Amino acid sequence: PFVGDRFARMELYFGTARPDHKPPVSEAEFQGFLANNITPAFPDGLTLLKGLGQFRGANGVTVQETSFLVILLYPAQTRGENSVKIEQLRKDYKEQFEQESVLRSDFCCEQVGF
């Protein structure tokens, strides 16, 4: 049977639509955020997926947008310290790119092997 290490899995969904008909967050801008913010906080690795997202904003309007999904796996015992880093990333992205929110989804725990 497979015996792995106990890891937490966290997903962050970054939207790209901006308010007031401003241009969306470009792929280059997101790559800059990834390089300057996310990677230094989680240098051991991550998975990045690009897709189409949809949400209903606080104004009741449904918006379709390009989205970036970042998946992080890290040892379960580091959940507390990593949660602080993740909340800072969410705050920074919302401020830098005028976002209403960054969706966070946590799963604990999975058996992971490398």
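The lining of the second largest pocket holds 11 nonpolar, 4 polar and 3 charged residues. Here Ala, Val, Leu, Ile, Met, Phe, Trp, Tyr, Cys and Pro count as nonpolar, Asp, Glu, Lys and Arg as charged, and the others, Gly among them, as polar. This is a predicted model: local features need pLDDT of at least 70, side-chain atom pairs count only at pLDDT 80 or more, and totals for chains, interfaces and linings use all residues. Residues are numbered from 1 along each chain as its sequence is written, and side-chain values use heavy atoms, without hydrogens and water.

**Second largest pocket**
- A pocket is an open set of points on a 1 Å grid over the protein atoms alone, where a 1.4 Å probe fits, with protein on both sides within 12 Å along at least five of seven lines.
- Lining residues have an atom within 4 Å of a point.
- The volume of the second largest pocket is about 300 Å³, taken as the space filled by probe spheres set on points joined across faces, edges and corners.
- Its lining has 18 residues, with Asp44, Gly45, Leu73, Tyr74 and Pro75 nearest the centre.
- β3 gives the most, 5 residues.
- Helices (H or I, at least four residues) and strands (E, at least two) are DSSP runs, numbered from the N terminus.

**Largest pocket**
- The largest pocket has about 560 Å³ of space.
- Strands β1 (5-15), β2 (47-56) and β3 (62-75) each give two or more residues to its lining.
- β2 gives the most, with 7 residues.
- In total 29 residues line this pocket, and Ala17, Phe55, Val63, Glu65 and Gln99 lie nearest its centre.
- The lining divides into 13 nonpolar, 10 polar and 6 charged residues.

**Nonpolar core**
- A nonpolar core is a set of buried Ala, Val, Leu, Ile, Met, Phe, Trp, Tyr and Cys residues joined through side-chain atoms within 4.5 Å.
- Buried means under 20% relative accessible area (1.4 Å probe, protein chains only).
- The largest core has 20 residues; Phe14, Phe30, Phe33, Ile38, Phe42, Tyr74 and Tyr93 touch the most other members.
- Its largest share, 5 residues, comes from α1.

**Aromatic residues**
- Rings of Phe, Tyr and Trp (its six-membered ring) pair if their centres lie within 6.5 Å; planes under 30 degrees apart count as stacked, over 60 as edge-to-face and the rest as tilted.
- This rule gives 11 aromatic pairs.
- The ring centres of Tyr93 and Phe97 are 4.8 Å apart and their planes lie at 50°, so the pair is tilted.
- Tyr93 is buried at 0% relative accessible area, and Phe97 is buried at 3%.
- Phe14, Phe30, Phe33, Phe68, Tyr93 and Phe97 form one aromatic cluster.

Key:
Buried means under 20% relative accessible area, exposed over 50%, partly exposed in between (1.4 Å probe, protein chains only).
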